[in-house]
Amino acid sequence: MGVGSRHVQFVARTVLVKKNNVEEGMRVLNRLMGREGLLDRYRLTRRYEKPTQMRRRVNFEKAKAIYNEDMDRKITLVMRMNRLNPWVGSA
Amino acid sequence: MFVSASCRSRLPPSHFKEESVVNVVYLVSVLWKSVKMLRRVVARGLWSGHGAVRTSVELRNKEIRTHQDIAAKLLVGWRRRDELRGLHCTPSYYKTQDRKEMLASMPVKDEGTEGEVTQGLDNSLEGSGGMFPDEDTPNLLCDGVRFADLPILHARVSKNNTMLTLTDAKGMVKLYRSCGVEGFKNAKKGTNIAAQATAISLATRALNQGIKTVKVKVSGIGPGRMAAVKGLTMGGLNVVSITDDTPISFNYSQRPRKARKL
């Protein structure tokens with residue numbers, strides 16, 4: 001049993017299914033868990049991770065997050081709509 | 001009321017308290033003065049009102065040729081406020097309204113790059129109303145049974161197998177099927193097809209017992225995770241909710257197995 005014994009059941013991590021459409025329900029549930037990092041956490045705790053490996057992984061994740069944030073900002077800036085002058089520097 | 005208030009404000013409070021004869025005389029004289037003033041004001045008001053009525057009647061008879069005559073325009077506008085607004089008296093009255101209209105007519109403001117504005121936690125889940133349980137959910141009626149009293153289907157999914165247990169709401173086991181029981185052996189147990197076949201077989205058995213509606217609890221991650229729940233509906237069961245019950249630890253309570261060597 002996972003969280004069952006210590007928490008109110010069927011409240012957390014629960015999706016109500018409408019018209020027996022379980023595929024959508026599962027998709028929503030999986031997406032939620034993926035977004036919250038629960039799936040990653042599950043995979044990481046199956047096997048022991050040595051401290052060196054953990055340090056390396058965490059450092060890599062930090063660097064990757066910084067890079068991704070910067071890159072996202074740059075892309076949104078380039079893709080930005082409704083500019084007053086759409087051809088900046090070329091007219 | 002108004003007059004007495006004004007008198008009191010003119011007199012110093014100590015004089016008022018003493019109530020000497022002189023003060024009473026003074027008070028009466030002041031009262032008399034203000035009454036005279038009031039009469040004058042009322043008379044003037046009546047006269048001007050009379051004039052206004054006369055002008056308006058004339059204007060009405062002329063059928064309003066007011067293209068140039070601003071005063072007449074204003075007067076008519078004052079009588080029928082919707083048509084025209086006075087230049088000097090109404091701006092403050094209409095200020096909020098005008099601002100709203102102006103803002104509505106403006107183009108939508110460009111919010112700029114992402115990160116400059118606050119965003120919701122999960123935009124993709126917006127509009128998924130009724131998808132998540134609330135405080136009324138336990139009393140929700142599903143096929144005439146309370147949600148809290150529905151039988152539970154526990155699906156234990158692992159890398160190598162899928163095990164399905166049907167219990168009542170309190171956890172008493174009624175049915176059990178797994179890919180191994182179903183006849184899939186060795187590596188074939190850990191496939192989505194095996195999980196689906198198992199789920200269908202369990203669903204038919206449940207229907208034979210008269211159980212039609214269940215809530216599902218999925219535990220673990222593996223190939224059978226999706227297929228098991230899908231198989232239940234294919235077998236004819238009605239799934240009301242899906243709950244994830246995967247045990248996820250954020251710290252090692254017990255040191256896990258040694259990592260695999262690659």
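Which side chains meet in a salt bridge at 2.5 Å, N to O? They are those of R13(A) and D244(B), in a predicted model where local features need pLDDT of at least 70, side-chain atom pairs count only at pLDDT 80 or more, and totals for chains, interfaces and linings use all residues. Residues are numbered from 1 along each chain as its sequence is written, chains are lettered from A and ligands numbered from 1 in the order in which they are written, and side-chain values use heavy atoms, with hydrogens and water left out.

**View 1. R13(A) and D244(B) join in a salt bridge.** A salt bridge here is a side-chain nitrogen of Lys or Arg within 4 Å of a carboxyl oxygen of Asp or Glu. The pair crosses between chains: R13(A) sits in the segment before β1 (14-16) of chain A, and D244(B) in strand β7 (residues 238-244) of chain B. Helices (H or I, at least four residues) and strands (E, at least two) are DSSP runs, numbered from the N terminus. R13(A) is partly exposed at 22% relative accessible area, while D244(B) is buried at 2%. For these words, buried is under 20% relative accessible area, exposed is over 50%, and partly exposed is in between (1.4 Å probe, protein chains only). R225(B) belongs to the picture too, linked with R13(A) and D244(B) in a network of salt bridges.

**View 2. Helix α1(A) meets helix α8(B).** Their axes come within 10 Å and cross at roughly 155°; axes are lines fitted to C-alpha atoms, for helices over the stretch in contact, with angles from 0 to 180 degrees between N-to-C directions. That makes α1(A) and α8(B) roughly antiparallel, the word for angles over 145 degrees. Contact (heavy atoms within 4.5 Å) involves residues including M26(A), L29(A) and M33(A) of α1(A), and M226(B) and V229(B) of α8(B).

**View 3. E23(A) and K230(B) form a salt bridge at 3.7 Å, N to O.** This one also runs between chains, from helix α1 (residues 22-36) of chain A to helix α8 (residues 224-234) of chain B. E23(A) is partly exposed at 37%, and K230(B) is partly exposed at 31%.

**View 4. R43(A) and D40(A) pair up within chain A.** Their side chains make a salt bridge at 4.0 Å, N to O. The two are three residues apart in helix α2 (residues 38-44), so about one helical turn separates them. R43(A) is exposed at 52%, and D40(A) is partly exposed at 45%. Over all chains, the count comes to eight salt bridges.

Methods: Parallel < 35°, antiparallel > 145°, perpendicular 65-115°, else oblique.
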